[in-house]
Amino acid sequence: MPHLDPEQLSLLALYDGWEDPAGREHLAGCPECAADYAALRRTVDAVKTTPDTSRLTVPSPQVWAGIHRELGLSESVREDPLSPDAAKDAAKENPAAPAAAPAPAHRPPSNVVPLRRRTWWQRPGTWVAAAAAAVLVVVGAVLTVTRPPQPQQLAAAQLTPLPQHSAAGSAKVVTAGDGSRNLEINLDKDEAKGYQEVWLIAPDLSRLVSLGVMNSTSGTFQVPADLDLSQYPVVDVSDEPMDGNPAHSSVSIARGTLTS
């Protein structure tokens with residue numbers, strides 16, 4: 001299913017009444033686009049005159065410096081508008097400025113040209129246009145920050161059958177979004193007469209750690225946080241009898257060594 005493009009997401013985030021039924025229907029059924037939309041809404045809140053301070057924190061001056069640089073703004077607006085000094089200066093210059101009238105719900109404010117007739121961030125001299133442009137400039141950074149880190153593969157192994165067995169497969173260690181490590185196992189068949197147990201073993205087979213029972217031909221097992229995989233690189237799937245003994249049975253179905 002194709003995702004909404006950044007400009008369409010920006011318009012939906014900027015204007016609550018933006019008429020795009022198809023886009024809003026897509027948001028309701030697409031978690032990825034919904035997460036992007038939520039991130040953009042937080043960005044819009046950040047540039048409102050009266051932001052919701054219960055959910056927002058004041059960004060560092062480097063954020064405005066980056067926006068200023070990317071948009072090529074003039075020296076007269078180089079100062080971070082959210083800094084305490086800028087707020088005091090604005091209050092002195094315009095102590096009783098009237099609030100802007102709300103825009104009609106069915107269309108954007110009149111000083112923003114619709115996207116299909118003119119690129120709306122190119123309209124000069126309007127605060128709304130500058131804010132909208134800022135949303136598009138920082139969208140990549142915002143989505144990078146708010147999206148959880150994607151799993152990354154740290155090591156992998158080919159699992160080959162041991163004598164008297166023919167099951168083969170693969171193993172890989174991946175990092176989760178919270179930094180934890182998981183061992184993912186896949187075999188082409190289950191040859192256990194009892195049950196399959198997954199182990200990490202030292203190269204000389206003198207030390208081993210059980211990660212758990214695998215009830216099918218695949219499974220995911222969390223690697224202990226303090227376990228050094230360089231000291232336990234051998235992945236072993238064993239055939240364990242139903243005897244209540246937690247030790248390795250010495251009957252291995254498949255085995256392989258993890259490499260980066």
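Which residues in helix 1 meet which residues in helix 2? Gln8, Leu9 and Leu12 in helix 1 meet Gly23, Arg24 and Leu27 in helix 2, where contact means heavy atoms within 4.5 Å. By class, this contact of helix 1 with helix 2 has three nonpolar, two polar and one charged residues. Here Ala, Val, Leu, Ile, Met, Phe, Trp, Tyr, Cys and Pro count as nonpolar, Asp, Glu, Lys and Arg as charged, and the others, Gly among them, as polar.

Before going on, a word about the model. It is a predicted one, in which local features need pLDDT of at least 70 and side-chain atom pairs count only at pLDDT 80 or more, while totals for chains, interfaces and linings use all residues. Residues are numbered from 1 along each chain as its sequence is written, and side-chain values use heavy atoms, with hydrogens and water left out.

Back to that helix pair. Two packed helices are described by the angle between their axes and the distance between the axes. Helix 1 (residues 6-14) and helix 2 (residues 21-29) pack at about 95°, and their axes are 11 Å apart. The axes are lines fitted to C-alpha atoms, for helices over the stretch in contact, and angles run from 0 to 180 degrees between N-to-C directions. Helix 1 and helix 2 are therefore roughly perpendicular to each other, a label for angles of 65 to 115 degrees.

Now step back to the whole chain. It has six helices and eight strands, and along the sequence the pattern reads α-α-α-α-α-α-β-β-β-β-β-β-β-β. Helices (H or I, at least four residues) and strands (E, at least two) are DSSP runs, numbered from the N terminus. Of the 260 residues, 36% are buried, meaning under 20% relative accessible area with a 1.4 Å probe, protein chains only. Helix 4 (residues 61-71) has Trp64, Gly66, Ile67 and His68 as its buried residues. Just after helix 4 comes Gly72, with a positive phi of about 65°.

And the strands? Eight of them form an open sheet in the order 5-4-7-8-1-2-3-6, with antiparallel pairing; two strands pair if DSSP finds at least two bridges between them. Strand 5 (208-214) and strand 6 (218-223) stand at the edges with a single partner strand each, so one side of each is left without a neighbour in the sheet. Neighbouring strands of this sheet are turned by 25° against each other on average, direction ignored. Strand 3 (residues 181-187) runs antiparallel to strand 6, and six bridges join the two. Leu183 stands opposite Phe221 in strand 6.

Notes
Angles under 35 degrees count as roughly parallel, over 145 as roughly antiparallel, 65 to 115 as roughly perpendicular and the rest as oblique. Buried means under 20% relative accessible area, exposed over 50%, partly exposed in between (1.4 Å probe, protein chains only).
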